[in-house]
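Here's a quick tour of one model, written for someone who likes to know the cut-offs. Have the viewer open as you read.

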Amino acid sequence: MHKKRYFVYSIAIFVFSLLYFAWGIGNTSLWDIDEPIYAQALKEMIAHHNLLVPTFNNQLLPDKPILNYWLMWCGTQIFGWNSFGLRVGSAFIGALFILLLWIAGPAQK
């Protein structure tokens, strides 16, 4: 496959995957037991100017990797403090994984 065509297919797969994963993620509020806790932990991290150690009610919260909080922070900086902004980072990572499968798969060989 030509490199230009492969690059165009890769971009298209990423964009369609991102649209698929992000479709409707802002339609519902934070509803699980965990989602509001992680959002509040991010608020505490920002309030304490500490983006390395997640805390909830001043207690260490080691349940999620720090990258999750960084992606939530980036989403809230771009889209605001809403359910879409808090969830868009997960959709982005999902689309990156689909792109990785495309790149690592037998399609390029």
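This is a predicted model: local features need pLDDT of at least 70, side-chain atom pairs count only at pLDDT 80 or more; totals for chains, interfaces and linings use all residues.

Residues are numbered from 1 along each chain as its sequence is written, and side-chain values use heavy atoms, with hydrogens and water left out.

There's one salt bridge in the structure, meaning a side-chain nitrogen of Lys or Arg within 4 Å of a carboxyl oxygen of Asp or Glu. E35 and R87 form it, at 2.9 Å from N to O. E35 sits in helix α2 and R87 in helix α4 (residues 83-104), so the pair ties together parts 52 residues apart in sequence.

How covered are these side chains? Buried means under 20% relative accessible area, exposed over 50%, and partly exposed in between (1.4 Å probe, protein chains only).

| Residue | Relative accessible area | Class |
|---|---|---|
| E35 | 25% | partly exposed |
| R87 | 13% | buried |
| S10 | 9% | buried |
| V15 | 40% | partly exposed |

S10 belongs to helix α1; beyond its neighbours within four places in sequence, S10 is in contact (heavy atoms within 4.5 Å) with L99 and W102. V15 is in α1 too, which spans residues 3-22.

Now for the helix pair. The axes of α2 (residues 34-47) and α3 (residues 66-79) come within 10 Å and cross at roughly 80°. That makes α2 and α3 roughly perpendicular, a label for angles of 65 to 115 degrees. Among the residues that meet are Y38 and L42 from α2, and Y69 and W73 from α3.

Technical notes. Helices (H or I, at least four residues) and strands (E, at least two) are DSSP runs, numbered from the N terminus. Axes are lines fitted to C-alpha atoms, for helices over the stretch in contact, and angles run from 0 to 180 degrees between N-to-C directions. Angles under 35 degrees count as roughly parallel, over 145 as roughly antiparallel, 65 to 115 as roughly perpendicular and the rest as oblique.
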